[in-house]
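Subject: Structure for you to look at

Hello,

Here is the structure I promised to pass on. Please open it alongside this note, and then read on for what turned up in it.

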Amino acid sequence: MALWKEMSENEQGEGAAKEESPVVTPIHHRRESVSTNRHESVFGAGVTIEGKIDGDGNIRMAGKFKGDIHIKGDLNLEKGGHVMAKVHADTVTIEGELEGNVVANSHVKLMETGQIIGDIKAKTLTVAPGSRMRGNVEFGWKDGELAKSPSLRSNDSGKNSSPV
């Protein structure tokens, strides 16, 4: 569907002296695809970011990030990506390296190339052979129970002493 801008009578009168027919100029609009999926932000392999990410879209990260991530979408950490952050998302898929605590409203997938140093709290957890983790895990709780459960406790050395 194209939208057209028609010329006013003054413009047509001026244009008629120069040309025999009126000029019709198309107006181009960038049209977003209508989809039930959330929009996805992609951070490529050469990108390094420090700060806070907050929003309701999905994130695919192959670069480096340091800070906090709090999204109402999915986080996909690609192979080769490195994140040092507290993460809160719906679903978290880890193929790269993540240092920090993860809270997932739905699911955490630790893929065969994935590595996490930190605690995980999620409804469900998938751990692929070959993946690595150092930290505590809570999973299997229902919606209300997940929120009421106590924070993950740190180990005796005090390394992961911040609550999830």
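Let me start with G73, which is buried, its relative accessible area being 0% (buried means under 20% relative accessible area, exposed over 50%, and partly exposed in between, with a 1.4 Å probe and protein chains only). Before going further, please note that this is a predicted model, in which local features need pLDDT of at least 70 and side-chain atom pairs count only at pLDDT 80 or more, while totals for chains, interfaces and linings use all residues. Residues are numbered from 1 along each chain as its sequence is written, and side-chain values use heavy atoms, with hydrogens and water left out.

G73 sits in the loop between β6 and β7; helices (H or I, at least four residues) and strands (E, at least two) are DSSP runs, numbered from the N terminus. Leaving aside neighbours within four places in sequence, G73 is in contact with R38, D56, G57, N58, A89, D90 and T91, where contact means heavy atoms within 4.5 Å.

Now for the chain as a whole. The protein chain has 2 helices and 14 strands. Of its 164 residues, 30% count as buried. Among contacts in the protein chain with a separation of 6 or more, 9% are between residues 24 or more positions apart. The accessible surface of the chain comes to about 11,100 Å², and 49% of that belongs to carbon and sulfur atoms; accessible areas come from the Shrake-Rupley method with a 1.4 Å probe, and for residues only the protein chains shown count as cover.

Next, the strand pairing. Strand β4 (residues 48-55) pairs with strand β6 (residues 64-71) in the parallel sense over 8 bridges; two strands pair if DSSP finds at least two bridges between them. G55 has I71 in β6 as its bridge partner. β6 also pairs with β8 in the parallel sense, over 7 bridges, and there H70 has H88 in β8 as its bridge partner.

G51 is found in strand β4 and is partly exposed, with a relative accessible area of 31%. Apart from neighbours within four places in sequence, G51 is in contact with F65, K66, G67 and D68. The C-alpha atoms of G51 and I69, which are 18 residues apart along the chain, are separated by 8.7 Å.

How many salt bridges does a search of the whole structure find? The search finds 2, a salt bridge being a side-chain nitrogen of Lys or Arg within 4 Å of a carboxyl oxygen of Asp or Glu. In one, R60 pairs with E40, with the closest N and O atoms 3.3 Å apart. R60 lies in strand β5 (residues 58-61) and E40 in strand β3 (residues 40-43), so this pair ties together parts that are 20 residues apart in sequence. Both residues are partly exposed: R60 has 29% relative accessibility, and E40 has 39%.

R60 also meets the side chain of E78 in a salt bridge, at 2.4 Å from N to O. E78 lies in the loop between β7 (74-77) and β8 (82-94), so its bridge to R60 in strand β5 ties together parts that are 18 residues apart in sequence. Through shared partners, the salt bridges join E40, R60 and E78 into one network. In general, side chains of opposite charge can pair when their charged atoms come close.

N76 has its place in strand β7 and counts as buried, at 17% relative accessibility. Its side chain makes a polar contact with the side chain of T93 at 3.3 Å (a polar contact is a pair of N or O atoms within 3.5 Å; within protein, one must be able to donate a hydrogen and the other to accept it, and residues adjacent in sequence count only if both atoms are side-chain atoms).

Finally, the surface. M133, V137 and F139 form a nonpolar patch with about 250 Å² of accessible area together. Patches are made of residues with over 30% relative accessible area and no salt bridge, with like charges joined within 9 Å and nonpolar side chains (Val, Leu, Ile, Met, Phe, Trp, Tyr) within 5 Å. V137 lies in strand β14 (residues 137-139) and is partly exposed, with a relative accessible area of 33%.

Best wishes
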